Amino acid sequence: IILFFAFILFSDSVPIESQPSPKLIRIPVKKMTTLRQIYHDYGVVQTKDLLPTSLYTLNSSSDIVIKDYQNAQYYGEIGVGSPVQTFNVIYDTGSSNVWVPSSKCSNCGSHSKYDSSKSFSYVKNGTFFYIRYGSGPVSGFVSQDTLTLGNLKIKSAYFAEITDSSGLGLAYSMGKFDGIAGLGFKTISVDGIPPFFQSLLDQGLIDDAVFSFYLGKSDGQDGELILGAVDESKYFGNFHYIPLVSETYWALKLTSLAIGSDTIVTNQMVIIDSGTSILVGPTSSVEALAAKIGAKRFILNRNEYTISCSKVKSLPDLTVTIGGVPFTLSPSDYVINVGAFCLFGFTDISDNPLWIMGDVFMRKYYTVFDYGRERVGFATA
């Protein structure tokens, strides 16, 4: 999305385990270079043109506005075809489609590209595929082939071959991720394609209709995505489960959001998104939060807020109450030290009453996405 959004992908240097009993897929996840680091390394000053104009719509459509993938921080592997062609992909709860670069893509740079002529399990489809981002479109066409996750294979899975990746900008051309693997619902899937998680269930490849994220808390520490189970060693205390408000995105009721003793908003909506590394909210509300802690808009990017690192220890806690259950983020959770200065871990989108809890939140709370029971669970990681 904007400067700090993260995505979950398999590491090309970390093995993927598959456990035969119970049926589940255990996937290590590993950080990659952030867009901020890429821009700094290449001397690029960010402007509003590089930022998304909008993040989500909550209505089903074949032309779905979803988040900008300019800030991927986590990566891993998925296999496509027979024999397997391997790609680094983003595992993203904010979208529902799988796509990888096509051998027919002329602007996909040095990324791995899927070549259907090298797969004996390929089935031609050809349906036009298009997703519109705030920064531009990504398009291609639909194909069918075998998707490989660990030792498990989804047969005849639908996915998109991308032939135009221009909408992803510098983050894609310089980043490590090749494609996206969406973990959202079919209701927001482009072309009505069944999400790969649904296919795992339909083909009996996993036992339980849940997946869970644990994100590493320190630089370089690996996290984990489990498809089909929960890892009891990754959290302590009890889970708090919140029912979905709609089966589109992983959207929950935001009862309230407060900084210290000051309540900023009540009775709104929040999306839990593994593909977003910071926190996102309506412009007026984020401005109010920033004012409470003395954060100022960053002169080089008006979508960010800076704050003196010396103030962090004296700042109040942030309390995010979801479905009536309070979850606390300390100042060290919601302020990001980038070396020369500190950034408030929020950005704003519009005054639509919609919030996004990304990896800043999910690093603190082990998160279970319960597909079968239509709920999300949180426990302290």
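Over residues 35–72, how many contacts beyond four places in sequence does the model have? The model, which is predicted, has 127 of them there (contact meaning heavy atoms within 4.5 Å), while pLDDT, the predictor's confidence in each residue from 0 to 100, stays under 50 over that stretch. Residues 1–20 likewise stay under 50 in pLDDT, with 124 contacts beyond four places in sequence. Where pLDDT is low, the predicted coordinates should not be read in detail. For the protein chain, the mean pLDDT is 81, and 80% of the residues reach 70 or more.

Residues are numbered from 1 along each chain as its sequence is written. In this predicted model local features need pLDDT of at least 70 and side-chain atom pairs count only at pLDDT 80 or more, whereas totals for chains, interfaces and linings use all residues, and side-chain values use heavy atoms, leaving out hydrogens and water.

Strand 21 is joined to strand 22 (residues 342–344) by three bridges, and Ile-336 has Leu-343 in strand 22 as its bridge partner.

Elsewhere, Gln-268 lies in strand 15 (residues 262–272) and is buried (under 20% relative accessible area, with a 1.4 Å probe and protein chains only), at 19%. Beyond four places in sequence, its contacts include Leu-252, Pro-282 and Trp-355.

Note on methods: Pairing = 2+ DSSP bridges. Helix = DSSP H or I, 4+ residues; strand = E, 2+ residues; numbered from the N terminus. Buried < 20%, exposed > 50% of the residue type's maximum accessible area, 1.4 Å probe, protein only.
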